[in-house]
Amino acid sequence: MSSFDMNPDMIIEILSHSPASLVGKCRLLNKECNKRTYDSSFLKLNLQRTNSVSGYFLEFSERLRVHSAFVRDLGNIPSGSDEISLDFLPPGRVSIKACDASHGILLCVNDLPVKGRQPEYIVCKPTTKQYMILPKPKTRYFTIALGLMVSGSDPFRYKILRLSQLPGNENRRYNFSFTLVCEVFDSDSFAWKRLNNVELPKEDLLVPRTANPVASYGFLHWLTTSNNVFRFCFKTNSWSFFPVPENLASDDSLKLTRYDGKVGVISSRSKEGVDYQDLWVLERSLGNSWVHVKEIKRIGLEPVGFSSNDVVTLADLDGMCSYNMNNGKSQKLQIRAPKFFPSYYWTMSYFPFYSDYERSELGRSNG
């Protein structure tokens, strides 16, 4: 990629025809390439030329039933494609637990309504209607968090992290106030492996509302109740903690996000009677230094993710919209779900999704 500095427009043109996996690799080699390939104009062109789709899976509950809908955010509708849904999965109470936003892969859990039955763990690719039921984890402890990351494209390989709660009688053996059991599933071995327990700092917990971790440069990130960031590395199967920006240490409105491929944190504040949201990003993947990059004027909705480096997706109980941070224009996103009624549901979850329509090898045999 040394030629990028000499002819950046040519490289961007080539990448606009390339799959997300190749674009992702090139982003790691050049800062200008990284910035330009996260621009909405490039992403829209790449979607069209690679027959791909971008958006969010919206999940909402009705009593004991879980519903989901796919919402497009960058406008591309691939030729000959069907409406994207999870209707092809086995029957039951299926809910999304994690996703790899760049490869169109979801991790779902099917809570079977049969007493004594363990939930089914399912990895799927909605655009190709493939799914794979995974072996059950080694432990039956209560699940606290799940994370998914694609670690290779040729051959296709993914890993899953499961953090579960150590029972109280066992937890007292440790010096820390809260200990998590850590297990990793590797599609290569098609098996779960239990790792060393995760020991959280004293009086610290993973934030319950952060269902889907933020993936960045091979790491998964969760926010903790003490405004630390829990970071897990799949390459080394190790974990660590680092603080949010010092001036936000006592802020109770923080939310983790991903921006330009980096882990970010969003905070809220008021200035001269106007509400704003600030975006900070981690300068280096292995560091703990944050940089303030955006000030977003609040328009009454909450950010759920950044479709590009100039467009943020906003949502409330009434719907979703795309907001261009450069020109201040917003566009309502269409939610096609027969059982979605605005303001009816108390909580919703949003899972970013970027996918092609090529089949992937999810395991030893595909659904």
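In helix H4 (residues 40-49), the buried residues are Ser40, Phe42, Leu43, Asn46 and Leu47; buried denotes under 20% relative accessible area, exposed over 50%, and partly exposed in between (1.4 Å probe, protein chains only). Helices (H or I, at least four residues) and strands (E, at least two) are DSSP runs, numbered from the N terminus. The five residues named above lie on the same side of H4, because they cover an arc of only 160 degrees around the axis, the arc being that of the directions from the helix axis to the C-beta atoms. An α-helix has 3.6 residues a turn, so residues three or four places apart point the same way.

The model is predicted: local features need pLDDT of at least 70 and side-chain atom pairs count only at pLDDT 80 or more, whereas totals for chains, interfaces and linings use all residues. Residues are numbered from 1 along each chain as its sequence is written, and side-chain values use heavy atoms, with hydrogens and water left out.

The cover over the buried residues of H4 includes helices H1 (8-15), H2 (20-27) and H3 (31-36), where contact means heavy atoms within 4.5 Å. Strands E1 (53-62), E21 (311-316) and E24 (348-355) are also included in this cover. Asn51, which follows H4, has a positive phi, near 55 degrees.

Across the whole structure, a search finds 10 salt bridges, a salt bridge being a side-chain nitrogen of Lys or Arg within 4 Å of a carboxyl oxygen of Asp or Glu. One of them joins Arg49 to Glu13, with the closest N and O atoms 2.9 Å apart. This pair links distant parts of the chain, as Arg49 is in helix H4 and Glu13 in helix H1, 36 residues apart. Both residues are partly exposed, Arg49 at 34% relative accessibility and Glu13 at 38%.

Asp9 lies in H1 and Arg36 in helix H3, so the pair ties together parts that are 27 residues apart in sequence. Asp9 is exposed, at 54% relative accessibility, while Arg36 is partly exposed, at 28%. The side chain of Arg36 also meets that of Glu32 in a salt bridge (3.9 Å, N to O). Arg36 and Glu32 are 4 residues apart in H3, which means that about one helical turn separates them. Glu32 is partly exposed, with a relative accessibility of 37%.

Elsewhere, a network of salt bridges links Arg269, Lys271, Asp278 and Glu295.
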